[in-house]
Amino acid sequence: MALSQWIDGDESASEMLGRVLKERTSLVVPPLHRVPLRVGNVVELVGPSGSAKTQILIQAAVNCILPKEWNGIHYGGLGCSAVFIDLDCRLDITRLLQVLKLRILEAISNGSLNTGDGENFDALYATCLRRFFYIRCYDSFEFLATLKTMHHKLQKERDGLGVGLHLLVIDSIGAYHWVDRISSSLPPWGHNRKGFSLANVLEAAVEEVRKLLLVHPSIVIASRATIFGYRSSNVVRRDKSLSESELRHGKPDGGLGLYREYMPSAWQSFVTHRVFVRDSDEHLAFSSCEHQPTYSSEWLLPSLGFVDKFIVTNAGVFSVP
């Protein structure tokens, strides 16, 4: 698709520039709260299974679709649309509904609104859900097809809802890596199409996201599972572009755990921010009968040089002082 087809034909160059450069309030979600994020940023959440990556994505989506204020009650959201592309098909949508419901009820209980007024809750709940778009893909071609057709769907929804996209979530970007890798090449799309290699698939996906961001300025947050291995000359030699801090993770003492970069260069160069998350093997005592598991996070790009801790509760993700 030509770039001109992605640009509204009835707007001037100055109007397009103002639309593309427009910035909104950043997402305040641990551990993303440490660095101010702007539209056009591509954030990668890296970590092993069970490191709360999807929980962070859910919290970011809820913050995006909640309004800043509603009927005099402060909710602290952005009041924008969010797209959640589920590539490993494991999202529990009831978890998102739970977080959204608890956030609304908490704000209502802290405000002046009568908590028994169910009509206000139902109206806000429905409004927020209309701003959330969930897409499940089962292979690389469905992912590419989704990205290619998303502009027209988002444009229609923007005209209907009166709000634009602010957050594009991809969970998880490396889901098809091994399936695609074992094939010598992916089948061609048509008589005049060449077969796509693994690198070409990611290059095409990155290009489609770039086009999407031009007309729907957004923050992209993608999760990715890590591959761990022992320190060796082969690992270091393949990952010369990564710093020692980026390589040494996975163990509490930072010794034996190494995560290896397996994504093609097209994706690596597209990422503007990177955060490493993992289970900290610690539990925070809330009461004599409840111990909450904690997680740790470290900014790798940009490197901040310290580790944050956070917990995941029924109401969402919260920083630990």
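I started with Arg224, which is buried, with a relative accessible area of 0%. A note to myself before going on: this is a predicted model.

**Entry 1: around Arg224**

I looked up where Arg224 sits, and found it in strand 7, residues 219-225. What does its side chain touch? I found a polar contact between the side chains of Arg224 and Glu44, at 2.7 Å. I also checked for rings: Arg224 lies over the face of Tyr262, 5.2 Å from the ring centre.

Is strand 7 enclosed or open? Six of its seven residues are buried, so I wrote it down as largely enclosed by the rest of the structure.

Next I looked for its partner strands. Strand 1 (residues 42-47) runs parallel to strand 7, and six bridges join them.

**Entry 2: aromatic rings**

How many aromatic pairs does the structure hold? I got five. One of them is Phe84 with Tyr134, a tilted pair with 6.2 Å from centre to centre and 45 degrees between the planes. This pair links distant parts of the chain, since Phe84 is in strand 4 (residues 81-86) and Tyr134 is in strand 5 (residues 132-136), 50 residues apart.

Then I turned to Trp267 and Phe270, an edge-to-face pair: 5.9 Å centre to centre, 65 degrees between the planes. Both lie in helix 10 (residues 265-270), three residues apart, about one turn of the helix. I remembered the general rule here: an α-helix has 3.6 residues a turn, so residues three or four places apart point the same way. Trp267 is buried, at 3% relative accessible area, and Phe270 is buried as well, at 6%.

Back to Phe84 for a moment: I noted that Phe84, Phe132 and Tyr134 form one aromatic cluster.

**Entry 3: helix 2**

I wanted to check the length of helix 2 (residues 53-65). At 1.5 Å a residue, its 13 residues should span 18 Å, and the end C-alpha atoms are 19 Å apart, which agrees. Eleven of the 13 residues are buried, so helix 2 is largely enclosed by the rest of the structure. I jotted down some of the buried ones, including Lys53, Gln59, Asn63 and Cys64.

**Entry 4: helix 5**

I did the length check again for helix 5 (residues 140-161). Its 22 residues should span 32 Å at 1.5 Å each; I got 30 Å between the end C-alpha atoms, which agrees.

Where does helix 5 bend? I found the bend at Met150, by about 45 degrees. Met150 is one of the buried residues of helix 5, and His151 and Arg158 are also among them.

Last, I looked at both ends of helix 5. At the start, a side-chain oxygen of Asp139 reaches to within 3.0 Å of the backbone nitrogen of Phe141. After the helix comes Gly162, with a positive phi near 80 degrees.

Methods: Residues numbered from 1 in each chain as written. Predicted model: local features only at pLDDT ≥ 70, side-chain atom pairs only at ≥ 80, totals over all residues. Heavy atoms only, no water. Helix = DSSP H or I, 4+ residues; strand = E, 2+ residues; numbered from the N terminus. Buried < 20%, exposed > 50% of the residue type's maximum accessible area, 1.4 Å probe, protein only. Polar contact = N/O pair within 3.5 Å; in protein donor to acceptor, adjacent residues only side chain to side chain. Phe/Tyr/Trp six-rings, centres within 6.5 Å; stacked < 30°, edge-to-face > 60°. Lys NZ or Arg CZ within 6 Å of the ring centre and 35° of its normal. Pairing = 2+ DSSP bridges. Expected span 1.5 Å × (residues − 1). Bend = angle between axes of the 7 residues up to and from the residue.
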